[in-house]
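Reader: I have a structure here that is new to me. Can we go through it together?

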Amino acid sequence: MEIKVLGTGCCSKCAALMKATQAAVAELGINSEVEEITDIEKIISYNVMRTPALVVDGNVLSSGKVLSTEEVKSIIKAQM
């Protein structure tokens, strides 16, 4: 499973989503690393206009809000 967090890398919301996503992956026991994408060109290539965003297996599943660990877990489980 490929999991990415898209964001500027310097805002508290992006950092919070990254932390929640890493916690969700650990709690679910998924053998996957969470990749942080901060390159604006790459972010735009996903058609994301508001960060932070959560991408699972190439699909943008959340954009423009910070999800809790439980919300991220729910999204990931739905993709399994």
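Author: What follows is a short walk through this predicted model.

Reader: How many helices and strands are in the chain?
Author: The chain has three helices and four strands. Starting at the N terminus, their order is β-α-β-α-β-β-α.

Reader: What share of the residues count as buried?
Author: Of the 80 residues, 36% do.

Reader: Which residues have the most contacts inside the largest nonpolar core?
Author: Leu54, Val72 and Ile76, in a core of 15 residues. Strand S1 (3-6), helix H1 (12-28), strand S3 (53-56) and helix H3 (69-79) each supply at least two of its residues. H1 gives the largest share, five residues.

Reader: What does Val72 touch?
Author: Leaving out residues up to four places away in sequence, Val72 touches Leu17, Ala20, Thr21, Ala24, Leu54 and Leu67. Apart from that core lies another, of six residues, including Ile43, Val48, Ala53 and Val55.

Reader: Why would such side chains be buried together?
Author: In soluble globular proteins, nonpolar side chains tend to do that.

Reader: Other topic: charges. How far apart are the mean positions of the positive and negative ones?
Author: They are 7 Å apart, for 8 positive and 10 negative charges.

Reader: And the surface, what does that come to?
Author: The accessible surface of the chain is about 4,600 Å², and 47% of that belongs to carbon and sulfur atoms.

Terms used:
Residues are numbered from 1 along each chain as its sequence is written. This is a predicted model: local features need pLDDT of at least 70, side-chain atom pairs count only at pLDDT 80 or more; totals for chains, interfaces and linings use all residues. Side-chain values use heavy atoms; hydrogens and water are left out. Buried means under 20% relative accessible area, exposed over 50%, partly exposed in between (1.4 Å probe, protein chains only). Accessible areas come from the Shrake-Rupley method with a 1.4 Å probe; for residues, only the protein chains shown count as cover. Lys and Arg count as positive and Asp and Glu as negative; His and the chain ends are not counted. The place of a charge is taken as NZ of Lys, CZ of Arg, CG of Asp or CD of Glu. A nonpolar core is a set of buried Ala, Val, Leu, Ile, Met, Phe, Trp, Tyr and Cys residues joined through side-chain atoms within 4.5 Å. Contact means heavy atoms within 4.5 Å.
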